[in-house]
Amino acid sequence: MTRLESIRTAVNNVQFNRFRFWLQLFFFLLLVYSGYLGVELGKELPTFSCGYNKEGRAGMCYLMTFQYQLSWPWQKLFSAAGLVVLSGFGIFFLWFIALNKGWCGFVCPVGTIQDWITSLRRWTGIRYSRYSWGQFKWLAQIKYVLLALMFIIPLGIGAGWFNKDLKAPFCMICPGRTIIPLFTGDFSQVSLDFSTKTNLFMTSLGLTVMGLFFIGAFVKKRFFCFYCPMGAFHYLLSKPALLRLRKDGSKCTRCGDCYRVCDQEIKDIADDVNKKEIMTDDCILCMKCVAACPEKGALKATFAGIPIFESTEEGFIKRMNKGRADGK
Amino acid sequence: MESETAIIIPIQPAPFSRSRQAGESQDVLDHIVDDFQDNPESMKYFYDLFRRVYCHGEELKHKGLLIGSTCIQTPEELIYAFGATPMRLCNGSYHYDQRGADFMPAKSCSLVKATLGMLNAETVIPKIGKPDMIVNPTTCDQKKKSSAMMESMGYQVYDLEFPNVKESEASRVYWQRSVRQFAARLRELTGKKLTRKNLKAAMNKTGRAQAAFRKLHSFRLKSPSLILGKDAFLVTNAYFFDDIDRWTLAVEKLNEELAQREKSGFKAVQSKAPRVLFTGSPPIFPNLKLPLLIEESGGVVVTDETCSSNRMLYDMTAVDEWLLNDMVDSLADKYLKPCTCPVFTRNDDRKRRLLDLVSSFNADGVVYQAFAGCQVYEMEYRSVADAFNKAGIPLLYVETDYSPDDKGQLSTRIEAFLESLKNRRKQRA
């Protein structure tokens, strides 16, 4: 066995969930706390590195920047200053294509928090719930509605149609705003703003979403990600991305093991044997499906065309043996 | 008069080994063992097992209640978890096939008839005892109708409701519920509780067995072959009734030997031997007629797509959260989603599976066995043949049953088929 092959085997045999846990923890600490160490990654990060966590954050979520820029008065937005928006988008895009939706599955602090809540539920022994197929199809559209509103409302503010207090409307309802600052001891976002009617409305909506977030994430794996407009935004831009999830339908037995472990309940991952690029708009590229696939090479993660993590029988057996042996 | 002769020559009950069913098994086993060279040393365990159980009628011990099953769709992990032992009742004996003919119309499946015949017989082999319950998944019509017949023989029968469609979400949910009900029934029957711990232990048993099977499966990828198909079928047939831990150990030992064989460059067949994929109605000991004919004629069965072997052991269960609910649902999924049984409305998965097996095992051709009367396999022949035609892979369709009468005729057909495979390979080379 060559050295490269043995490295490949070791990677494919990894205890994936444990690996992912530590990687997520690393990114969480990086994005939420490393600001204190002077880390600054810019204002165009394609993940919920929340701007309301003013001191701890390592960079800012692009959705916040983007909404603020879109709400500029139209004379400014459609002038030379608009180039700033374009260059910002360019940087966001470059960040994004490196990891594709891997930003959701590995980096996003809001996603990581949901995974922790899931672990808490698992510890209590309570089972998770799933949507019915009908609900799934219907609810899956919400993220696009939120994405559209995220464009329309700031543009409308710039045009003078909407109240300026709507500010960055998605940030106001985003659970990242209310929850992430809590980790650096900032409780100021968990409050109602009585200054104007709009502010009161938006902050109460924000708190409602926060409540729903905790309840939802407890009963449903990655509850919020299913509705996240960032996920929809990502998907629309994902064509040239470097990190990809590929499927070889001829090797697939449609056993449904991947669908079984999918946090996002994506049925296509198991059932579609024609598509080679299997990442859907709901996917968070967590790669749990690759780890749960027993057919060699049926599912694989590739980076710039090079396979980096591939489903294998050996890896599958190792991981499931570990699962059965745990906590006996 | 009769009684007088009886007084003079008292009629002794014949020992089991003299019975017809034992004779039938003995013939096939002798053929498997003696008529082939270089049988793997570790196959001895399996030869002995079949000899003891099928030829001498020796009894097998089992733990807890005995739960018979008429199909691979019965989640055996649940049975183990409740401290009971599963046993697959599907039978391959011509003797029992004839005995079972009373229950079914003339043109029906040998396997179903043989199973009924065995259950209705006084000496049941494998002699593991009378099942405390028989689980009958509602798969094909003939098996469905067997429920009432088995009940009339005095068995307790549980109909495990199985969907006809597997693509839809509705069927998946329905089947998950069905499996839960089955678990509830087992609880009632055994008086034990299903816990995370005992289900994990049960899944460990089957997981280890499956890992061993997969290993054996991947050794068969090698060309020229390291082991003959007749031995592989015997191994998986033993899984029907053997103690699962002992079975797994024996297979692991066989795998070690095959690893040795691979290292030493051993060939179980000639390099030119045509490699055959076997599909269709399941070969079950002693009815290994077709695989044996293929291998006597110089071919080798490199893999199969049948419910007595590959389909029974290949697909493994993935669990995300090791909680009872998720484990049971995962098991349910495993028994439904990858299944390529012809009872379903569509057979795209079966066709894809077959094509994948042909290419990964580098098979030269396919032998498709359909038991006369096994309508679902007969009906699927056309679409499967079309798929192979398109892919340019030769297929031999054989309609047969458990009777040995057609052996001569079949042997001619198979020889001709293998010859054509050889020629084809030469031409391509």
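## Close-up views of a predicted two-chain model

**View 1. Strands β5 and β6 of chain B run side by side.** Arg275(B) stands opposite Val300(B) in β6(B). The model shown here and in every view below is predicted. Strand β5 of chain B covers residues 275–280 and pairs with β6(B) in the parallel sense. The pairing runs over 5 bridges. How many residues of β6(B) are buried? The count is 6 of 6, which leaves this strand mostly covered.

**View 2. The four-stranded sheet of chain B is open.** Its strand order is β6-β5-β7-β8. The pairing is parallel. Which strands form the edges? They are β6 (300–305) and β8 (395–400) of chain B, and each pairs on one side only. Neighbouring strands are turned against each other by 25 degrees on average, direction ignored. Strands of a sheet pair through backbone hydrogen bonds, either parallel or antiparallel.

View 3. β7(B) spans residues 365–371. Its parallel pairing with β8(B) extends over 6 bridges. Look for Ala370(B), which has Glu399(B) of β8(B) opposite.

**View 4. Chain B touches chain A.** In this interface, 27 residues of chain B contact 25 residues of chain A. Three helices of chain B each supply at least two residues to its side: α9 (196–219), α14 (324–336) and α15 (348–360). Which of them gives the largest share? α9(B) does, with 7 residues. Charged residues on the chain B side number 15, beside 8 nonpolar and 4 polar ones.

**View 5. Chain A is shown as a whole.** Chain A holds 17 helices and 3 strands. Its C-alpha atoms fill a box of roughly 65 × 45 × 45 Å along the principal axes. The radius of gyration is 21 Å. A compact globule of 328 residues would have a value near 20 Å, so chain A agrees with that expectation. Of its 328 residues, 45% count as buried. Take the contacts between residues at least 6 apart in sequence: 65% of them join residues at least 24 apart.

View 6. Domain 1 of chain A is made of two segments, 3–16 and 235–325. Domain 2 of chain A covers 22–230. The C-alpha centres of these domains lie 27 Å apart. At the boundary, 17 residues of domain 1 contact 19 residues of domain 2. What classes of residue does domain 1 bring to this contact? Its side has 11 nonpolar, 2 polar and 4 charged residues.

**View 7. Helix α13 of chain A has a run of buried residues.** The helix spans residues 229–237. Buried here are Pro229(A), Met230(A), Gly231(A), Ala232(A), Phe233(A) and His234(A). What covers them? The cover includes α3 (62–70), α5 (82–99) and α6 (102–107) of chain A. It also includes α9 (142–159) and α10 (169–173) of chain A.

**View 8. Helices α3 and α9 of chain A pack together.** Both helices are among those that cover α13(A). The axes of α3(A) and α9(A) are 7 Å apart, at an angle of about 35 degrees. From α3(A) come Leu63(A), Gln67(A) and Leu70(A). They meet Met150(A), Phe151(A), Pro154(A), Leu155(A) and Gly158(A) in α9(A). The contact has 6 nonpolar and 2 polar residues, and no charged ones. An α-helix has 3.6 residues a turn, so residues three or four places apart point the same way.

**View 9. Ser204 of chain A sits in a helix.** The helix is α12(A), residues 197–219. Is Ser204(A) buried or partly exposed? A residue counts as buried with 20 or more other C-beta atoms within 10 Å, and as exposed with 12 or fewer. Ser204(A) has 13, so it is partly exposed.

How values were computed: Residues are numbered from 1 along each chain as its sequence is written. Chains are lettered from A and ligands numbered from 1 in the order in which they are written. This is a predicted model: local features need pLDDT of at least 70, side-chain atom pairs count only at pLDDT 80 or more; totals for chains, interfaces and linings use all residues. Two strands pair if DSSP finds at least two bridges between them. Axes are lines fitted to C-alpha atoms, for helices over the stretch in contact, and angles run from 0 to 180 degrees between N-to-C directions. Two residues are in contact if their C-beta atoms, placed from the backbone, lie within 7 Å. Ala, Val, Leu, Ile, Met, Phe, Trp, Tyr, Cys and Pro count as nonpolar, Asp, Glu, Lys and Arg as charged, and the others, Gly among them, as polar. The radius of gyration is taken over C-alpha atoms; the globule rule is 2.2 Å times the number of residues to the power 0.38. Domain bounds come from an automatic or database domain assignment.
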